[in-house]
Amino acid sequence: MKNVWTVAANTFREAVRDRVLYNLVFFALLMMGAAILVGQISIGIEDSVIVSLGLTAISVIGLFIAVFIGVGLVSKEMDKRTLYALLAKPVERWEFLLGKFFGLVMTLTVNTAAMAVGLYLALWTVKHTLERSDAWVLVAVYLILLKLVLIVALALLFSCFTTPFLAILFTAGIYVAGVFAGALRTMQAVDISARPMTLLKGISYLLPNFENFNVMGAVAHGRGVPGALVGQATLYAVCYGAVVLAGAAAIFSRRNLK
Amino acid sequence: MATPAIEIEHLSKEYPYGFLNLKKKKSLEDLSMRVESGEVFGFLGPNGAGKSTTIKLLMRLIFPNGGTARILGKSIDDVSMHREIGYLPEQPYFYDYLTAAEVLDYFARFHGLTAADRKARVQKMLKKVGLDTAKRIQLRKYSKGMLQRVGLAQAILHEPQVVILDEPMSGLDPLGRREVRDIILELKKDGRTVLFSTHILSDAEMLCDQVGVLVGGKLRGVGTPGEMVGIKTQGMEILFEVAEGKKLPLLAKATRTGERYRVQFPEEEVYSALDQLKAADARILSVAQIKPTLEEFFMNLVEADRAQANAVEVSGK
């Protein structure tokens, strides 16, 4: 695991030096603007608007980082051939892959945590106080982070066997499909015959169900999130992520470099 | 019998190409060879001959379609054997957001060195490859030659038993090439095995105990540079200066460069030629044997290969 940590730490350093965390400036400006504007246009629902806007921004910014940097984790190393010297060291390919994965997860964790602090600051600016129920925002942020971790794993998987462009398309496609996976499972279609419907439902169980991680609505309205749901979502992300990473490692271990 | 440093048996590699990758191009065909421990082995061949393919196969960057290879007696599938190997990729590129010292420290971590040991070795290597003064500059500002030096430093940082260098002289100025040659000779002196690919034949002649010539993915010969070109002398060459206006029959055969004349004879005629020159008060600058060079040998092989390829094309086989 020492090799995994070494690669992860370097991946994090790369993100910092390549100014990935500069997106925080954009987030800070967005939150400041929102805090000023919301105070003027909404009465009584300021905190709800700020929480919704903040969590959506955390999710969207994280999504962009997870997809675009996630796809580049391996493909950039192959294109620039920085990987050659590294794989000549006593490093297993799966160690490299896991290191890159955890490096980006570290980056996303720092980024998401900083944005969460920004969100709380905006909330405090609007309400001039923080209540106990505001702690649920942290749970929502945690679940967003879990979703991003899964997306990084998917981006890594696709970048192991296809071009960066296609890997971005596939990851984005799976994300969109995954958002509707829950709806597909409960769909009661009148016009579709039984066999395609079963197939569709089967596919929906293979897709990552990103609805598991969406508690934004509840949290924005000050409602709590059941502990069981958080535990279930964590277990789901760990198991699904492990399977995706195992697949990525299996493909990458036999991949011919250029 | 001692275990060879590198042992390759029937290694072959095909690359798919064309629509749906249905066609295959042979990049390496049935390569078998060995590099003995402590030897400097030069891999020669024109571009596309299969030198880099062989090296990448040894480093498991690509996978063979057939055959096996062992380094220091261990299968190349065994990642642990990489502890004893140093590798310089062709036209190396490293993380450009790191400085030279940081990139070397990063690679050293995979060899389980302590922080103090890493620091000392990184310093030593930077000095050795002449990057001591540029160690705090990010690699994105480095020239090609400087990157080549970083590549060499990371390859020998952990004092490996076997050093594999893919075109180590590429991108270097004459001074840099000289330094790399010195490093290779130093590695040899320390008892390490060096395999390097090159198409600069003078480097191979100067450094190698053995050379292997690859052309069109096939190994065309292995031996000492002398064996490869043949040791038979083709004649003698005399370099001399003679006063203007002197009548000498051999001047008709000589080539003039500035004040100097160069003339070639069969070996048995050299003494009579020297007598003539002495009689004419010529100043003899050198008398040297004419041997075929590795370059001539190499060019003959490449031309023969091209002729064969053309013949196959014409006959439609």
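At what angle do H4(B) and helix H5 (residues 174-189) of chain B pack, and how far apart are their axes?

Author: This is a predicted model, and in it H4(B) and H5(B) pack at an angle of about 10°, with their axes 11 Å apart. An angle under 35 degrees counts as roughly parallel, and that makes H4(B) roughly parallel to H5(B). On the side of H4(B), the residues that meet the partner helix are Gly145(B), Arg149(B), Leu152(B) and Ile156(B), while H5(B) brings Gly176(B), Val180(B), Ile183(B) and Leu187(B). An α-helix has 3.6 residues a turn, so residues three or four places apart point the same way. By class, the residues of this contact of H4(B) with H5(B) divide into five nonpolar, two polar and one charged.

Helix H5 (residues 93-127) of chain A packs with helix H6 (residues 136-159) of chain A at an angle of about 150°, and their axes are 10 Å apart; because an angle over 145 degrees counts as roughly antiparallel, H5(A) and H6(A) are roughly antiparallel to each other. H5(A) passes H6(A) in a right-handed crossing. The contact draws on residues of H5(A) including Leu97(A), Phe101(A), Leu104(A) and Leu108(A), and on residues of H6(A) including Val141(A), Leu145(A), Leu148(A) and Val152(A). The residues of this contact divide into 17 nonpolar, two polar and one charged.

The other pair joins helix H3 (residues 46-80) of chain A with helix H7 (residues 164-179) of chain A, at an angle of about 140° and with their axes 10 Å apart, and H3(A) and H7(A) are therefore oblique to each other. Here too the crossing of H3(A) past H7(A) is right-handed. Val67(A), Phe68(A), Val71(A), Gly72(A) and Ser75(A) in H3(A) meet Pro164(A), Ala167(A), Ile168(A), Thr171(A) and Ala172(A) in H7(A), and the residues of this contact divide into seven nonpolar, three polar and no charged.

As for H3(A) itself, the helix bends by about 45° at Leu73(A). At 1.5 Å a residue, its 35 residues should span 51 Å, and the end C-alpha atoms are 48 Å apart, which agrees. H3(A) is followed by Arg81(A), whose phi is positive, near 65°.

Notes. Residues are numbered from 1 along each chain as its sequence is written. Chains are lettered from A and ligands numbered from 1 in the order in which they are written. This is a predicted model: local features need pLDDT of at least 70, side-chain atom pairs count only at pLDDT 80 or more; totals for chains, interfaces and linings use all residues. Axes are lines fitted to C-alpha atoms, for helices over the stretch in contact, and angles run from 0 to 180 degrees between N-to-C directions. Helices (H or I, at least four residues) and strands (E, at least two) are DSSP runs, numbered from the N terminus. Angles under 35 degrees count as roughly parallel, over 145 as roughly antiparallel, 65 to 115 as roughly perpendicular and the rest as oblique. A crossing is left-handed if the near helix is turned anticlockwise from the far one by less than a right angle, and right-handed if clockwise. Two residues are in contact if their C-beta atoms, placed from the backbone, lie within 7 Å. Ala, Val, Leu, Ile, Met, Phe, Trp, Tyr, Cys and Pro count as nonpolar, Asp, Glu, Lys and Arg as charged, and the others, Gly among them, as polar. The expected span of a helix is 1.5 Å times one less than its number of residues. The bend at a residue is the angle between axes fitted to the seven residues ending there and the seven starting there.
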